[in-house]
Amino acid sequence: MKTYRIATIPGDGIGKEVVPAGAEVLQALAASGGGFRFEFEDFGWGGDWYRAHGEMMPADGLEALKGKDAILFGSAGDPQIPDHITLWGLRLKICQGFDQYANVRPTRILPGIDAPLKRCKPEDLDWVIVRENSEGEYAGVGGRVHQGHPIEAATDVSIMTRAGVERVLRFAFKLAQSRPRKQLTVVTKSNAQRHAMVMWDEIANEVAREFPDVKWDKELVDAMTARMVNKPATLDTVVATNLHADILSDLAAALAGSLGIAPTANLDPERRYPSMFEPIHGSAFDIMGKGLANPVGTFWSCVMLLEHLGEQEAAQRLMAAIEAVTADTSLHTGDLGGTARTADVTRAVIARLAR
Ligand code: IPM
Ligand code: MG
């Protein structure tokens, strides 16, 4: 029997509730037969670790993760620690350390979910956003001088490399090609940003030639927000820069009904390193520790994890169980207007898997 070694990193806030729920569901899936088993190792990194050790994860933390088949991550963020420290010290350290350059964010309106776009049928909104995940606006390059003085200056320099842009565009074209509509929208801001964004457009033209069967178009990021709201059915696969796709994916999640549902995969498509799967939501201190978090974003992330491991049948089984559960509005958590608890949703998904 195949054994998959999975690292779990709950992180902070509700991550500590949804990641154990995700691990429980994966265990149940393996137990219900599929020819594989999971071996979990839990890493208590995040805000508490920072308070105890002065860093979000140990300096040799990546070494401990290196041999894993995948990572299930919760969220990083702590009211007592500046956000840029929690982000750069843990999540980005793993994403960049393992060169997980393709961040994949599917969005659909799941059964039973009341989405805000009233003219949009559920089947009109079936998107996958590919976010460049290794450079761009998140390159971390910049500086700050003369702090506190009137002449203070600061820069955050966005770095776009031909290699980085080309590989994420190629990934996105390939993903679009694998989906029924074979359609890709390349988002930039090349009217205002006349260097790197123009390079994106040019490289998109070049890479497109490798994919003659993919229909593709370009959209400026501001116009893209309006198109997502007004003409959702005209979109399928989308690729954008690190920051643009960060923003667009929150909009996408909200249009699909809740941030609590949306999943993410941080992929190293070349499989040199483990890839990392996480719900898109943050650590949500307002509800943490109360058992109220929606675990669906984590469960859907587990579906992506299974797909990445090549366990397509198990992935489909879990997705079907999730959809059966969202269809039952008595199993909706607070973010969806319901009163169900994390444990109720988890139990229901597991019961469904056992059928
Ligand atoms: C995301 C999140 C993060 C990001 C935050 C937590 C820094 O919003 O994964 O979309 O901006 O990358
Ligand atoms: Mg975001």
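1. Two strands count as paired if DSSP finds at least two bridges between them. With that in mind, please read this note as comments on a predicted model.

2. Ten strands form an open sheet with mixed pairing, in the order 2-1-3-12-11-4-5-10-8-9. The edges are taken by strand 2 (36-42) and strand 9 (215-220), each with a single partner strand, so one side of each is left without a neighbour in the sheet. From one strand to the next, the twist averages 25°.

3. What joins strand 11 to strand 12? Four bridges do, linking residues 263-267 of strand 11 to residues 275-279 of strand 12, and the two strands run antiparallel.

4. Strand 11 deserves a look of its own. Five of its five residues are buried, which leaves the strand mostly covered. In a regular strand the side chains alternate between the two faces of the sheet. Strand 11 has Pro263, Ala265 and Leu267 on one side, and Thr264 and Asn266 on the other. Both faces are covered, with these residues all buried.

5. Helix 4 (residues 83-97) lies across several strands: strand 1 (2-11), strand 3 (70-75), strand 4 (102-108), strand 5 (126-132), strand 11 and strand 12. Relative to strand 12, the helix runs at about 140°.

6. Tyr101 sits in the loop between helix 4 and strand 4. Is Tyr101 buried or exposed? Its relative accessible area is 3%, so Tyr101 is buried, the cut-off for that label being under 20%. Beyond its neighbours within four places in sequence, Tyr101 is in contact with Arg131, Glu132, Asn133, Ser134, Arg167, Val168, Leu267, Pro269, Glu270 and Arg272. One of these, Arg131, is 30 residues away along the chain, while the C-alpha atoms of Tyr101 and Arg131 are separated by 8.2 Å.

7. On to the helix pair. Two packed helices are described by the angle between their axes and the distance between the axes. For helix 7 (residues 221-230) and helix 8 (residues 242-255), the angle is about 10° and the axes are 11 Å apart. Helix 7 and helix 8 are therefore roughly parallel to each other, since angles under 35 degrees fall in that class.

8. Which residues make the contact between helix 7 and helix 8? From helix 7 come Val221, Met224, Thr225, Met228 and Val229, and these meet His244, Leu248, Leu251, Ala252 and Leu255 of helix 8. Sorted by class, the contact has eight nonpolar and two polar residues, and no charged ones.

9. Last, the cysteines. How many disulfides does a search of the whole structure find? The search finds zero. Cys95 is in no disulfide, and its nearest cysteine sulfur, that of Cys302, is 17 Å away. Cys95 is buried, with a relative accessible area of 0%. Cys120 is buried as well, with a value of 13%.

Definitions and conventions: Residues numbered from 1 in each chain as written. Chains lettered and ligands numbered in written order. Predicted model: local features only at pLDDT ≥ 70, side-chain atom pairs only at ≥ 80, totals over all residues. Heavy atoms only, no water. Disulfide = S-S within 2.5 Å. Buried < 20%, exposed > 50% of the residue type's maximum accessible area, 1.4 Å probe, protein only. Axes fitted to C-alpha atoms, helices over the stretch in contact; angles between N-to-C directions. Parallel < 35°, antiparallel > 145°, perpendicular 65-115°, else oblique. Contact = heavy atoms within 4.5 Å. Nonpolar A, V, L, I, M, F, W, Y, C, P; charged D, E, K, R; others polar.
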